[in-house]
Amino acid sequence: MAKVEEFLSPSEEQEVIKAIKTAEKNTSGEIRVHIEKNTEKPPMERALEVFHSLEMDKTQLRNGVLFYIAVESKKFAILGDEGIDKKVPDNFWESTKDVIQNKFKQGNFKQGIIDGVLKAGEQLKTFFPYQADDTNELSDEISKG
C-alpha cells in the first residue's frame, strides 16, 4: 500500500467527499482531506504546511479542519484552525483521532476518514451553525500530494 492512488478506490473517495458534504450541510465550517505518500516531518508540522498551502487559514471564521494522511509513513494528523480550535473541548481532537485510528488499524481507511469527518462536522455544527448566506469556501475534493 505505497501508492496514494491505491489508498482509497475512486468509489471510496466519492463516499468520503459525500461525508464532507454531509458534515458541511449543517455548519459554516470547512473540512478538507489531504493524502500524500510520505513525510519525513512530524505529522502535525506537515499538516500545518498543507493547511496553509490549501489556504485553509483564509476562511472567514477561521473554522477549517484538515485531515492529513501520509500513506507510506503511516502517519496522520487532524488540524483545526484557530476559530474552531478555541471552541472544541480539550480532548476533542484526540478523541477524533482515536476513532480514526481504530478503523485504520482494522485496515478500514475509508470508514476511518468518514467517521472522523462526521465527528468533526458535529462539533463544527455546535460552534459554527450553518448560516442561510453560507458559501462553500473550500473545495470538498480530496487533495493529494
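Predicted model: local features only at pLDDT ≥ 70, side-chain atom pairs only at ≥ 80, totals over all residues.

Below is a short tour of the sheet, a hairpin and a cavity.

Residues are numbered from 1 along each chain as its sequence is written, and side-chain values use heavy atoms, with hydrogens and water left out.

**Stop 1: the sheet.** Color the strands (DSSP runs of E, at least two residues, numbered from the N terminus, as are helices, runs of H or I of at least four). You'll find an open sheet of 4 strands in the order S3-S2-S1-S4, with mixed pairing; two strands pair if DSSP finds at least two bridges between them. At the edges sit S3 (75–80) and S4 (143–144), each pairing on one side only.

Now select S1, residues 30–36: S1 runs parallel to S4, joined by 2 bridges. Click His34 and look across to Ser143 in S4, which stands opposite.

**Stop 2: the helix on the sheet.** Show H5, residues 92–105. This helix packs on the sheet and touches S2 (64–70) and S3, where contact means heavy atoms within 4.5 Å. The direction of H5 makes about 150° with that of S3; axes are lines fitted to C-alpha atoms, for helices over the stretch in contact, and angles run from 0 to 180 degrees between N-to-C directions.

**Stop 3: the hairpin.** Zoom in on S2 and S3, which run antiparallel with 6 bridges between them. Tyr68 stands opposite Ala77 in S3. The hairpin has 4 residues between the strands, and Lys74 takes a positive phi near 55° there.

Beyond its neighbours within four places in sequence, Ser73 contacts Lys37, Asn38 and Thr39. S3 is mostly covered too, with 5 of its 6 residues buried.

**Stop 4: the cavity.** Select Phe67, Tyr68, Ile69, Phe76, Ala77, Ile100 and Ile113, which line the largest cavity (on a 1 Å grid over the protein atoms alone, a set of points where a 1.4 Å probe fits but cannot get out; lining residues have an atom within 4 Å of a point). S2 gives the most to this lining, with 3 residues.

Methods. 1 Å grid on protein atoms, 1.4 Å probe; cavity = no way out; pocket = protein on both sides within 12 Å on 5 of 7 lines; lining within 4 Å. Buried < 20%, exposed > 50% of the residue type's maximum accessible area, 1.4 Å probe, protein only.
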